[in-house]
Structures are given as C-alpha cells and as structure tokens.
Amino acid sequence: QVQLVESGGGLVQAGGSLRLSCAASGIIVAFNAMGWYRQAPGKQRELVATIANGGSTNYADSVKGRFTISRDNAKNTVYLQMNNLKPEDTAVYYCKIGTAPYWGQGTQVTVSS
C-alpha cells in the first residue's frame, strides 16, 4: 500500500530551476524521515537531501545552497526546490522513506548547457 510518486522533472537550461514533488500514500510524511536521491547513468545512487520527522534538513555538499527540501504535511508531499541548476545535476531523482526499503519510480531531470 505504500506508494511514492515523483513528478516535476524535465528539461531545463543551466541556471534554471525546477521543483520536484513526491506524493506519498500509505505513510504519513510528517511521521517519517524522507530523502531525495539521484542517479546518473554509470554512477551510484547518491543522497541529495534529507528531512527528519522533526523538520531538520541535511544536504550533499554538491547541492548545498542551491537545493531546498521541504514538506507539506497537509498534502502529505515532500518537495525538492532546485535552483541554479548545473549540467552535472542531470540524473533520475528518487524519493525515499528514511530507513525503509521503499522508493518511487523516479523523475528525470536534464540540465542543458
């Protein structure tokens, strides 16, 4: 019954912005730590940002200052605001529940130069 659905990806020019959404069902976002990961072809999946159930956040050094993770408890949705995008941000972005083995299907982000 747990489902995570990512959306908001697309093609954007370098310097542009995108806002990714992770709509959750079967869990309460407010009661769980949530994270955004990304994976580029030929690379391992890497952690991008996390938000704890208490609201604290953490970011990979490569995105700190450019990306912001947040949640809307009323909508049971987690967001990733991505600003000043760079070509190296190109990847499939995935939503994940804390330490649970549940992933969304991902949304493609492509940043052109």
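Which pattern does the protein follow, read along the sequence? The pattern is β-β-β-β-β-β-β-β-β-β.

**View 1. Fold of the predicted model.** The protein has ten strands and zero helices; both are DSSP runs numbered from the N terminus, helices (H or I) of at least four residues and strands (E) of at least two. The radius of gyration, taken over C-alpha atoms, is 13 Å, close to the 13 Å from the globule rule for 113 residues, so the protein is as compact as a globular protein of that length. That rule is 2.2 Å times the number of residues to the power 0.38. The C-alpha trace spans about 40 × 25 × 25 Å along its principal axes.

**View 2. Burial and contacts in the protein.** Of the 113 residues, 40% are buried (under 20% relative accessible area, 1.4 Å probe, protein chains only). Contact means heavy atoms within 4.5 Å; among contacts between residues at least 6 apart in sequence, 52% join residues at least 24 apart.

**View 3. Surroundings of Arg 66.** Arg 66 lies in the loop between strand E6 (57-59) and strand E7 (67-72). Arg 66 is buried, at a relative accessible area of 11%. Its side chain reaches the backbone oxygen of Ser 62 at 2.9 Å. Beyond neighbours within four places in sequence, the contacts of Arg 66 include Gln 81, Met 82, Asn 83 and Asp 89.

**Notes.** Residues are numbered from 1 along each chain as its sequence is written, and side-chain values use heavy atoms, with hydrogens and water left out. In this predicted model, local features need pLDDT of at least 70 and side-chain atom pairs count only at pLDDT 80 or more, while totals for chains, interfaces and linings use all residues.

Technical notes:
Buried means under 20% relative accessible area, exposed over 50%, partly exposed in between (1.4 Å probe, protein chains only). A polar contact is a pair of N or O atoms within 3.5 Å; within protein, one must be able to donate a hydrogen and the other to accept it, and residues adjacent in sequence count only if both atoms are side-chain atoms.
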